[in-house]
Amino acid sequence: MPFLDVPHTLCQSCRQCCHFLSPPEMTPFAGRGEIPLLPLAFNPSGEPLRLIQGDCEGLPVWTCSRLDEASSSCRSWPDHPLDCRIYPLVFTLDNGRPSIALDTTCPYAEQKPLAWFQEKARDLRDRFWNVWSASQKQALSRQFALDTFPERILLLPLDESSG
(Lines give C-alpha, C1' and ligand atoms only; values in the text may rest on other atoms or scores of the structure.)
Protein backbone atom coordinates (compact mmCIF):
# COMPACT_ATOMS: atom_id res chain seq x y z
CA MET A 1 0.00 0.00 0.00
CA PRO A 2 1.46 3.41 -0.90
CA PHE A 3 2.51 5.61 1.97
CA LEU A 4 2.45 8.88 0.04
CA ASP A 5 -0.16 9.88 -2.51
CA VAL A 6 2.28 10.54 -5.34
CA PRO A 7 0.21 10.75 -8.54
CA HIS A 8 0.85 7.73 -10.75
CA THR A 9 1.14 9.94 -13.84
CA LEU A 10 3.94 11.92 -12.19
CA CYS A 11 5.80 8.71 -11.36
CA GLN A 12 5.33 7.40 -14.88
CA SER A 13 6.75 10.58 -16.36
CA CYS A 14 9.90 10.46 -14.22
CA ARG A 15 10.87 7.07 -12.73
CA GLN A 16 14.14 8.46 -11.34
CA CYS A 17 13.42 6.46 -8.20
CA CYS A 18 13.67 3.22 -10.26
CA HIS A 19 16.96 4.08 -12.01
CA PHE A 20 20.27 4.46 -10.20
CA LEU A 21 23.71 5.75 -11.11
CA SER A 22 25.78 4.02 -8.45
CA PRO A 23 24.41 1.10 -6.44
CA PRO A 24 24.02 0.56 -3.60
CA GLU A 25 23.62 4.26 -2.94
CA MET A 26 20.02 5.44 -2.99
CA THR A 27 18.72 2.02 -4.07
CA PRO A 28 15.99 0.06 -2.27
CA PHE A 29 17.31 -1.81 0.75
CA ALA A 30 15.76 -5.04 -0.58
CA GLY A 31 18.24 -4.93 -3.48
CA ARG A 32 21.40 -4.36 -1.47
CA GLY A 33 22.14 -7.95 -0.69
CA GLU A 34 21.48 -9.87 2.47
CA ILE A 35 20.29 -7.80 5.40
CA PRO A 36 19.25 -10.51 7.85
CA LEU A 37 17.31 -8.15 10.08
CA LEU A 38 15.50 -6.31 7.30
CA PRO A 39 11.96 -5.60 8.51
CA LEU A 40 9.28 -7.19 6.31
CA ALA A 41 8.08 -3.73 5.22
CA PHE A 42 11.20 -3.37 3.08
CA ASN A 43 10.30 -6.41 0.98
CA PRO A 44 6.65 -7.36 1.61
CA SER A 45 6.33 -9.37 -1.62
CA GLY A 46 9.37 -11.50 -0.76
CA GLU A 47 10.36 -11.28 -4.43
CA PRO A 48 14.10 -10.83 -4.98
CA LEU A 49 14.94 -7.31 -6.09
CA ARG A 50 17.87 -7.03 -8.46
CA LEU A 51 19.42 -4.11 -10.24
CA ILE A 52 19.95 -4.60 -13.96
CA GLN A 53 22.91 -2.75 -15.46
CA GLY A 54 22.46 -0.77 -18.64
CA ASP A 55 23.37 2.66 -19.92
CA CYS A 56 21.71 5.96 -20.65
CA GLU A 57 23.44 8.41 -22.95
CA GLY A 58 26.77 6.70 -22.28
CA LEU A 59 26.43 6.66 -18.49
CA PRO A 60 26.13 3.40 -16.55
CA VAL A 61 22.63 3.11 -15.11
CA TRP A 62 21.06 0.35 -13.05
CA THR A 63 17.32 -0.27 -13.25
CA CYS A 64 15.16 -1.98 -10.64
CA SER A 65 14.17 -5.49 -11.76
CA ARG A 66 10.60 -4.77 -10.69
CA LEU A 67 10.17 -1.88 -13.13
CA ASP A 68 8.18 -2.75 -16.23
CA GLU A 69 9.81 -0.34 -18.68
CA ALA A 70 7.00 -0.68 -21.24
CA SER A 71 4.31 0.54 -18.85
CA SER A 72 6.57 2.48 -16.47
CA SER A 73 4.98 0.68 -13.55
CA CYS A 74 6.16 -1.48 -10.67
CA ARG A 75 5.57 -5.22 -11.06
CA SER A 76 5.09 -5.61 -7.31
CA TRP A 77 2.64 -2.71 -6.89
CA PRO A 78 1.16 -2.13 -4.33
CA ASP A 79 3.48 -4.38 -2.31
CA HIS A 80 6.66 -2.62 -3.32
CA PRO A 81 9.46 -2.01 -0.78
CA LEU A 82 8.91 0.51 2.00
CA ASP A 83 11.68 2.81 0.83
CA CYS A 84 9.93 2.97 -2.57
CA ARG A 85 6.53 3.60 -0.97
CA ILE A 86 7.80 6.55 1.06
CA TYR A 87 9.88 8.25 -1.66
CA PRO A 88 10.69 11.21 -1.85
CA LEU A 89 11.04 10.75 1.89
CA VAL A 90 14.29 8.92 2.54
CA PHE A 91 16.01 7.32 5.48
CA THR A 92 19.45 8.82 5.95
CA LEU A 93 22.11 9.57 8.52
CA ASP A 94 22.79 13.10 9.67
CA ASN A 95 26.05 13.29 11.61
CA GLY A 96 25.65 9.60 12.45
CA ARG A 97 22.06 10.05 13.57
CA PRO A 98 19.25 8.15 11.77
CA SER A 99 16.88 10.66 10.24
CA ILE A 100 14.22 11.17 7.62
CA ALA A 101 14.91 13.64 4.83
CA LEU A 102 13.16 14.89 1.72
CA ASP A 103 14.95 14.21 -1.57
CA THR A 104 14.36 17.48 -3.42
CA THR A 105 15.36 16.00 -6.79
CA CYS A 106 11.98 14.23 -6.94
CA PRO A 107 9.40 16.37 -8.77
CA TYR A 108 6.81 15.49 -6.11
CA ALA A 109 8.90 17.33 -3.49
CA GLU A 110 7.59 20.55 -5.04
CA GLN A 111 3.94 19.43 -5.02
CA LYS A 112 3.28 19.73 -1.28
CA PRO A 113 4.34 22.18 1.44
CA LEU A 114 7.29 21.24 3.64
CA ALA A 115 4.99 20.96 6.68
CA TRP A 116 3.05 18.20 4.89
CA PHE A 117 6.26 16.19 4.38
CA GLN A 118 7.25 16.78 8.01
CA GLU A 119 3.90 15.36 9.15
CA LYS A 120 4.40 12.31 6.90
CA ALA A 121 7.92 11.88 8.37
CA ARG A 122 6.46 11.83 11.90
CA ASP A 123 3.86 9.28 10.79
CA LEU A 124 6.60 7.15 9.22
CA ARG A 125 8.63 7.28 12.43
CA ASP A 126 5.62 6.36 14.56
CA ARG A 127 4.25 3.57 12.31
CA PHE A 128 7.54 1.93 11.42
CA TRP A 129 10.73 3.10 13.14
CA ASN A 130 9.26 3.13 16.64
CA VAL A 131 8.12 -0.52 16.36
CA TRP A 132 11.34 -2.01 14.96
CA SER A 133 13.75 -3.71 17.33
CA ALA A 134 17.07 -2.13 18.34
CA SER A 135 18.95 -4.69 16.22
CA GLN A 136 16.79 -3.91 13.17
CA LYS A 137 17.43 -0.20 13.65
CA GLN A 138 21.18 -0.77 13.91
CA ALA A 139 21.24 -2.92 10.75
CA LEU A 140 19.23 -0.33 8.85
CA SER A 141 21.36 2.55 10.12
CA ARG A 142 24.41 0.84 8.61
CA GLN A 143 22.55 0.85 5.29
CA PHE A 144 21.54 4.51 5.74
CA ALA A 145 25.26 5.32 5.91
CA LEU A 146 25.66 4.16 2.30
CA ASP A 147 23.21 6.74 0.99
CA THR A 148 24.15 10.08 -0.41
CA PHE A 149 21.31 12.50 -0.96
CA PRO A 150 23.12 15.76 -1.68
CA GLU A 151 19.92 17.65 -2.44
CA ARG A 152 17.94 16.83 0.66
CA ILE A 153 16.13 18.66 3.40
CA LEU A 154 16.40 17.04 6.81
CA LEU A 155 12.95 16.68 8.32
CA LEU A 156 13.16 14.60 11.47
CA PRO A 157 15.67 12.71 13.64
CA LEU A 158 14.37 9.18 14.22
CA ASP A 159 15.92 8.28 17.52
CA GLU A 160 16.48 10.90 20.17
CA SER A 161 18.95 8.60 21.92
CA SER A 162 21.20 8.22 18.84
CA GLY A 163 24.38 10.21 18.95
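Predicted model: local features only at pLDDT ≥ 70, side-chain atom pairs only at ≥ 80, totals over all residues.
Residues are numbered from 1 along each chain as its sequence is written, and side-chain values use heavy atoms, without hydrogens and water.

Student: In what order do the three strands of the open sheet stand?
Tutor: Strands are DSSP runs of E of at least two residues, helices runs of H or I of at least four, numbered from the N terminus; two strands pair if DSSP finds at least two bridges between them. β1 (19-20) and β2 (51-56) are the edge strands, each pairing on one side only. β3 (residues 59-64) pairs with β1 over two bridges and with β2 over six bridges. The pairing is antiparallel, and the order is β1-β3-β2.

Student: Which residue in β3 is the bridge partner of Phe20?
Tutor: β1 and β3 pair in the antiparallel sense. His19 stands opposite Thr63. The partner of Phe20 is Trp62.

Student: Is Asn95 buried or exposed?
Tutor: Asn95 lies in the loop between β6 and β7 (97-103), and its phi is near 55°, a positive value in a residue other than glycine. Buried means under 20% relative accessible area, exposed over 50%, and partly exposed in between (1.4 Å probe, protein chains only). With a relative accessible area of 73%, Asn95 is exposed.

Student: Which element supplies the largest share of the lining of the largest pocket?
Tutor: A pocket is an open set of points on a 1 Å grid over the protein atoms alone, where a 1.4 Å probe fits, with protein on both sides within 12 Å along at least five of seven lines; lining residues have an atom within 4 Å of a point. Of the 29 lining residues, Gln16, His19, Phe20, Met26 and Tyr87 are the closest to the centre of this pocket. β1, β3, α2 and β6 each supply at least two residues. The largest share, three residues, comes from β6.

Student: Which element gives the most to the lining of the second largest pocket?
Tutor: This pocket is lined by 26 residues, with Cys11, Arg15, Cys17, Trp77 and Cys84 nearest its centre. α1 (8-14), β5 (73-74) and α2 each supply at least two of the lining residues. With four residues, the most comes from α1.
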